[in-house]
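Hi everyone, thanks for making time. Let me put the model up and walk you through a few spots in it.

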Amino acid sequence: MSISRTDNPVGGAVPPGGTENVPPGVLRRAITASAVGNATEWFDYGIYAYGVSYISAALFPGSVEEATLFALAAFAISFLVRPLGGLFWGPLGDRLGRKTVLAFTILMMSGATFAVGLIPTYDSIGLWAPVLLMLLRMVQGFSTGGEYGGAATFMAEYAPDDRRGFCGSFLEVGTLAGFSFGALLMLGFSLWLGDAVMHDWGWRIPFFVAGPMGLVGMYLRSRMEDTPIFREIECAGQQEKSTAVELRHLLRDYWRPLVVMGGMVVALNVVNYTLLSYMPTYLQRRIGLSPDDALIVPIIGMLFMMVLLPFAGALSDRVGRKPLWWASLIGLFMAAVPLYHLMGTGVTGAVVGFLLLGILYAPQLSTISATFPAMFPTQVRFAGFAISYNVSTSLFGGTAPAFNSWLIQITGNTLMPAYTMMAACIVGMIAVNSLAETAGTSLRGTVKPSLRR
């Protein structure tokens, strides 16, 4: 069964306000409102990843190596509760609307990040310092469990079918913009205040910036209507009626896209968190770059990737999502080890190696916000995306920095992050092989994605 852009599986003609009739200004605001939450989420990751040496020294006991590993584990713990967030926020977003849930999640995310900057040191309150950090990371993870799936769904349901890849790429521009802003802020304060002041209190300042970011994001989202596609099924009364019913339908009728997405997310986020979150620690601790060089190298790469993403997203609208995923997975599998060797040669090699890894990763990153929402029909889209994405991310993505650090520690082999990337790419290839092409297909209605080939 094929659905044209003027069909409405809910019944009757598409009402005014469908994605074909969204004014350009409204579409831009929808993309901005979606991307700002993603930027806030990744701003937290950026300041944490780039401030891990200060955070570990201030809030954890033990040697430098032990404290760093504890801090990376605290980073990972937020991912353990993300599936709970997905289970809570996803069905809620399918019943109450995307906009309502996204207003809550961005406030929770930014509030938890802000509060990290208020935690007293380990020397002041002992074990309560790491305990408070872990509790706040869990709040951050719980809210993030609904944020990304909701933001991607919100954006995708506003975007025209033939430009969803291009529009969706800006959600990932928000990812890199938030991460880069956090990284640059931490680096800027480090250069300005010096190492001693940063260890004393300077590392806290970037965390406080999350508060205003969250308020701006909530304001932008409060000015938007819910998506035209969600309003269609809302008017027809075809939302899922309860969390239990929706979860039963997901597991019974949509287990295949849940599994396929989960496999793709393994590849996506093992590479993502290894390349972005773990790289500053890796370059400093394992390659021997100076702290400032270890921060600058990924920033250069991320700024370059931000320019590349919209072009890759637009290309996916023309040639499809699957060809770009295949090119990325095969390229990363073949090039990971040589490029990690190159990064080990010094600052120049690190910059070139990171840039090439970023180029190979960009085809995945640019298309996920268009690909994943299209794998589920409207009435279970938020929940299906949120649950599959967050379960896989919690098991394999957020744990990647701590896992890579542990592997290097027990093996003494600094190429272990490259090997984990390669293993993740194999999982991704298996999943993509079972993916139905979604470029240009309609997101409207309650038709199973398997019928949209």
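So, when I say helix here, I mean a DSSP run of H or I with at least four residues, numbered from the N terminus. And keep in mind that this is a predicted model.

Let's start with helix α7, which covers residues 128-158 and has Y148 in it. Is Y148 buried or exposed? Its relative accessibility is 3%, and the cut-off for buried is under 20%, so Y148 counts as buried.

Who sits around it? Leaving out residues up to four places away in sequence, Y148 touches N38, E41, L171, E172, I368, S369, F385 and Y389. With one of those, E172, there's a side-chain to side-chain polar contact of 2.6 Å. For contrast, take D200: it is 52 residues from Y148 along the chain, and their C-alpha atoms are 34 Å apart.

Staying with helix α7, have a look at V131, which is also found there. V131 has a relative accessible area of 36%, which falls between 20% and 50%, so we call it partly exposed. It belongs to a nonpolar surface patch along with W128, L132, L135 and M138, and together they have about 450 Å² of accessible area.

Last stop: D226, in the loop between α11 (210-222) and α12 (228-235).

Notes
Residues are numbered from 1 along each chain as its sequence is written. This is a predicted model: local features need pLDDT of at least 70, side-chain atom pairs count only at pLDDT 80 or more; totals for chains, interfaces and linings use all residues. Side-chain values use heavy atoms; hydrogens and water are left out. Helices (H or I, at least four residues) and strands (E, at least two) are DSSP runs, numbered from the N terminus. Buried means under 20% relative accessible area, exposed over 50%, partly exposed in between (1.4 Å probe, protein chains only). Contact means heavy atoms within 4.5 Å. A polar contact is a pair of N or O atoms within 3.5 Å; within protein, one must be able to donate a hydrogen and the other to accept it, and residues adjacent in sequence count only if both atoms are side-chain atoms. Patches are made of residues with over 30% relative accessible area and no salt bridge: like charges are joined within 9 Å, nonpolar side chains (Val, Leu, Ile, Met, Phe, Trp, Tyr) within 5 Å. Accessible areas come from the Shrake-Rupley method with a 1.4 Å probe; for residues, only the protein chains shown count as cover. A salt bridge is a side-chain nitrogen of Lys or Arg within 4 Å of a carboxyl oxygen of Asp or Glu.
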